[in-house]
Amino acid sequence: SAQKMREMVRQIQGLPALQAQAVLRVVPRKSARFVAKTLDSAIANAENNNKVKPETLRVKEAVAGTATSLKRFTPKARGSAGPIIKRRCHIKITVSDE
């Protein structure tokens, strides 16, 4: 969910990109793995598309927003149904050499 992702995203905001990678590597949460994967992609894009060295990059903006939720149902007592809401989110990380 976006709420769990925001905890990780707030930790890396404003840090140098390589230091943010190191921070995410030691956090034992599933959300940290997804944020690390997105950060790796942002760094690789900056390297390949803009010819920027990864040592000069900083995490300028990191946002986790809500996405559409999957709605499922589970059987309950007396033939009724209980809702299951599987929340999802979008992760946006902007790196800059400024």
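Reader: In which strand is S96 found?

Author: In this predicted model, S96 belongs to strand 4, residues 89-96.

Reader: Is S96 buried or exposed?

Author: The cut-off for buried is under 20% relative accessible area. S96 has a relative accessible area of 12%, so S96 is buried.

Reader: Which residues is S96 in contact with, leaving aside neighbours within four places in sequence?

Author: Those residues are T56, L57, R58 and K60.

Reader: Which residues of helix 1 are buried?

Author: A general point comes before the case. An α-helix has 3.6 residues a turn, so residues three or four places apart point the same way. In helix 1, residues 2-12, the buried residues are A2, M5, M8, V9 and I12. Seen down the helix axis, these buried residues fall within an arc of 120°, so they line one face of helix 1.

Reader: What do the buried residues of helix 1 pack against?

Author: They pack against helix 2 (17-26), helix 3, strand 1 and strand 4. The face turned away from the buried side of helix 1 carries the exposed residues Q3 and R10. After helix 1 comes G14, with a positive phi near 90°.

Reader: What is phi for K51 and for R78?

Author: Most residues other than glycine have a negative phi. For K51 phi is positive, near 55°, and for R78 phi is positive, near 60°.

Reader: Where do K51 and R78 lie?

Author: K51 lies in the loop between helix 3 (30-50) and strand 1 (58-66). R78 lies in the loop between strand 2 (70-75) and strand 3 (81-86). K51 is exposed at 69% relative accessible area, and R78 is exposed at 89% relative accessibility.

Key
Residues are numbered from 1 along each chain as its sequence is written. This is a predicted model: local features need pLDDT of at least 70, side-chain atom pairs count only at pLDDT 80 or more; totals for chains, interfaces and linings use all residues. Side-chain values use heavy atoms; hydrogens and water are left out. Helices (H or I, at least four residues) and strands (E, at least two) are DSSP runs, numbered from the N terminus. Buried means under 20% relative accessible area, exposed over 50%, partly exposed in between (1.4 Å probe, protein chains only). Contact means heavy atoms within 4.5 Å. The arc is that of the directions from the helix axis to the C-beta atoms.
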